[in-house]
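Open the model in your viewer and keep the selection panel at hand.

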Amino acid sequence: MLYPQKNPNRQTKDLSGKWDFRIDPRNQGLGKGWTKGFSKQQTLSVPASWNEQFAGLRDYLGPAWYQRRFSRHPAAEGKRIFLRFGSVNYLAQVWLNGMKLGTHEGGHLPFVFEITRRLKKENLLVVRVEGFLKPDRVPPGNVPAGPLDSFNNNFNPPASFDFFPYCGIQRPVFLFTTPHESIEDVTVTTNINGKMGIVSVTAQAKTSGPASLWVSVEGFGWKTSIESPLKSGKSTDLLKVPDAKLWAPGSPNLYQLKVELKRNGKTIDQIRLPIGIRTIQVKGSRLLLNGKPIFLKGFGRHEDYAGTGRYLPPKALKKDYANMRWIGANSFRTTHYPYSDEDMDMADRLGFLVIGETPAVGLFFKKEGLSKRLKLCRQFTKDMIERDKNHPCVVMWSLANEPHSHRPAAKAFFKNLAGLARSLDKTRPITLVSYLGVSEESFEFLDAVCVNRYYGWYTEPGDLDKAIPRLSQDLDELYRKFKKPVLVTEFGADAIPGSHADPPTMFSVEYQAEMIERYIGVIRRKPYVVGAHVWNLSDFKTAQATHRPNGMNYKGVFTRDRKPKLAAYVLRKLWSKGKN
Ligand code: GCU
């Protein structure tokens with residue numbers, strides 16, 4: 001799933017900006033032929049969630065319609081032309097010039113339609129979107145209450161996940177071209193042998209005659225290239241880079257990979273990719289990056305910003321990375337869904353380690369809808385790995401967050417997903433993130449044990465003296481049971497900006513800071529703990545509920561407009577000087 005790129009053989013056009021928009025609360029659009037265009041009601045900005053752009057639409061989950069006109073670009077003559085949506089939450093149906101291109105289910109991964117034969121001089125693109133909350137969707141919503149299947153958060157809207165179910169076209173939409181004979185996919189894996197970097201490149205191409213692939217790696221004054229004939233549209237090459245500059249936090253060295261499809265010396269198509277030479281593996285109770293133990297200190301985040309909702313405009317994205325750098329973090333988990341392509345590129349460039357997580361949050365294992373949820377989780381796991389496999393920043397895959405794994409079906413469900421993930425990527429450890437801990441049976445066949453812990457908040461409320469020993473004991477039990485590296489993937493407390501208390505009291509900034517500091521104190525004493533991620537980097541919008549003042553989750557160490565709370569300074573001190 002190559003990201004659209006501009007180069008001598010390929011063009012792109014970003015369709016972001018103002019689109020026509022119309023809500024359809026009585027679901028009449030399909031019957032009224034809106035697929036061929038509709039009289040607009042208003043315009044709105046794409047990418048962004050509609051819920052943040054019109055106050056009256058805060059809790060509106062669709063259906064709603066978008067339309068956008070565009071002309072065919074002369075440069076598209078004689079090329080294949082595609083339409084790519086970065087993400088649309090949740091169910092998108094797409095028409096071009098009144099003709100259905102297709103449907104896509106799932107709110108956090110890209111999808112592409114080829115429109116070569118459908119394109120006219122002037123074009124009308126129409127998209128129908130709805131984000132209804134349903135038990136057989138991933139992530140699910142409107143889940144029948146019951147201790148085995150949900151937290152009974154009693155959220156409004158009834159999501160079974162703790163972030164707002166924003167809807168709409170939430171990432172950039174691109175038109176892009178490729179030649180008719182083109183490179184379809186590239187898979188890069190890297191290894192190290194002493195000072196030698198080894199880059200393995202598998203490329204797939206679609207040709208109508210004999211052709212060859214030229215693969216080159218260039219960087220830091222070094223260039224190596226190799227030519228290999230395509231065999232049934234595929235080739236795999238190994239390129240050696242002596243004295244390789246390895247990729248790691250603090251030294252995010254990137255080389256330029258170039259793959260060219262050639263015939264008689266003429267370049268028919270080409271792809272360029274930044275790549276990082278690095279290895280990641282689990283060894284005993286350690287996580288090794290480039291053969292050395294690494295500790296993940298960082299955050300769970302959200303793509304959440306006032307005014308744009310589930311779209312992080314470039315300025316907010318930059319600010320989040322600046323905040324993570326300022327505080328001394330080296331990693332994050334894509335809670336609870338794959339983040340944008342632009343975010344992953346930034347993590348490569350700035351040297352942040354990423355646990356790539358699918359949108360499987362709040363899963364439950366009741367029979368009804370289970371096979372549909374499994375099918376969707378398989379699709380999302382595959383799409384995520386295929387989209388992000390070439391990013392050096394990605395060091396682990398997370399198959400789910402806080403599944404309600406009480407029912408026996410859970411283990412088989414994750415065995416299935418783990419098998420799929422391993423078949424798609426043999427180079428990265430896989431895990432899932434649990435709240436159950438020792439009773440999460442799936443850890444038996446996963447590579448690391450990830451738990452979210454809120455002793456001192458949801459249990460032992462306001463009592464850290466009770467909570468801290470409990471945390472310590474719990475982590476020891478986990479390691480005793482699974483003998484695998486443990487990561488505390490969430491811990492933290494809500495702190496309403498500006499609320500203070502002495503002694504520290506729940507919801508005060510002092511309580512949040514003390515809780516985080518004491519958790520890190522425990523974690524530092526556990527040699528088998530290889531990561532600590534604070535929940536959350538910034539405050540974020542969620543559904544309304546009695547435990548969510550203003551429909552907000554205030555567990556950020558930065559506010560929603562990215563200002564530091566007391567805990568941010570405490571963390572900066574704790575994490576400075578490279579300490580865990
Ligand atoms: C959970 C969950 C988060 C949620 C957090 C909280 O662990 O994974 O999505 O926001 O707890 O309750 O604040």
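How do the residues of the shell around the ligand divide into nonpolar, polar and charged? Four are nonpolar, four are polar and five are charged. Keep in mind that this is a predicted model.

**Stop 1: the ligand and its shell**

Select the ligand. It sits in the largest pocket. Now show the 13 residues around the ligand. Those that come nearest are D162, E402, Y458, E490 and K555. Colour these five separately from the rest of the shell.

**Stop 2**

A polar atom of the Y458 side chain is 2.4 Å from a ligand oxygen. Next, pick H336. An N or O atom in the H336 side chain lies 2.7 Å from an oxygen atom of the ligand. Then go to N553. Here the distance from a polar side-chain atom to a ligand oxygen is 2.9 Å. How much of the ligand's accessible area does the protein cover? On its own the ligand has 320 Å² of accessible area, and the protein covers 92% of that.

**Stop 3: a salt bridge**

Zoom out to the whole structure. A search finds 37 salt bridges in it. Side chains of opposite charge can pair when their charged atoms come close. Which parts of the chain does the pair link? K389 is in the loop between α4 (370-388) and β28 (394-401). D185 belongs to strand β13 (residues 182-193).

**Stop 4: backbone details**

Switch to the backbone. Select G62 and P63, which are joined by a cis peptide bond with omega of about 0°. P63 lies in the loop between α1 (50-53) and β4 (64-71). Move on to V138 and P139. A cis peptide bond joins this pair too, again with omega of about 0°. Look for P139 in the loop between β10 (122-130) and β11 (168-169).

Finish at F220. This residue is not a glycine, yet its phi is positive, at about 50°. F220 sits in the loop between β15 (212-219) and β16 (222-229).

Key:
Residues numbered from 1 in each chain as written. Predicted model: local features only at pLDDT ≥ 70, side-chain atom pairs only at ≥ 80, totals over all residues. Heavy atoms only, no water. Near = heavy atom within 4 Å. Polar contact = N/O pair within 3.5 Å; in protein donor to acceptor, adjacent residues only side chain to side chain. Areas by Shrake-Rupley, 256 points an atom, 1.4 Å probe, with all protein chains shown as cover. 1 Å grid on protein atoms, 1.4 Å probe; cavity = no way out; pocket = protein on both sides within 12 Å on 5 of 7 lines; lining within 4 Å. Sits in = over half its atoms within 2 Å of the grid points. Nonpolar A, V, L, I, M, F, W, Y, C, P; charged D, E, K, R; others polar. Salt bridge = Lys/Arg side-chain N within 4 Å of Asp/Glu carboxyl O. Helix = DSSP H or I, 4+ residues; strand = E, 2+ residues; numbered from the N terminus.
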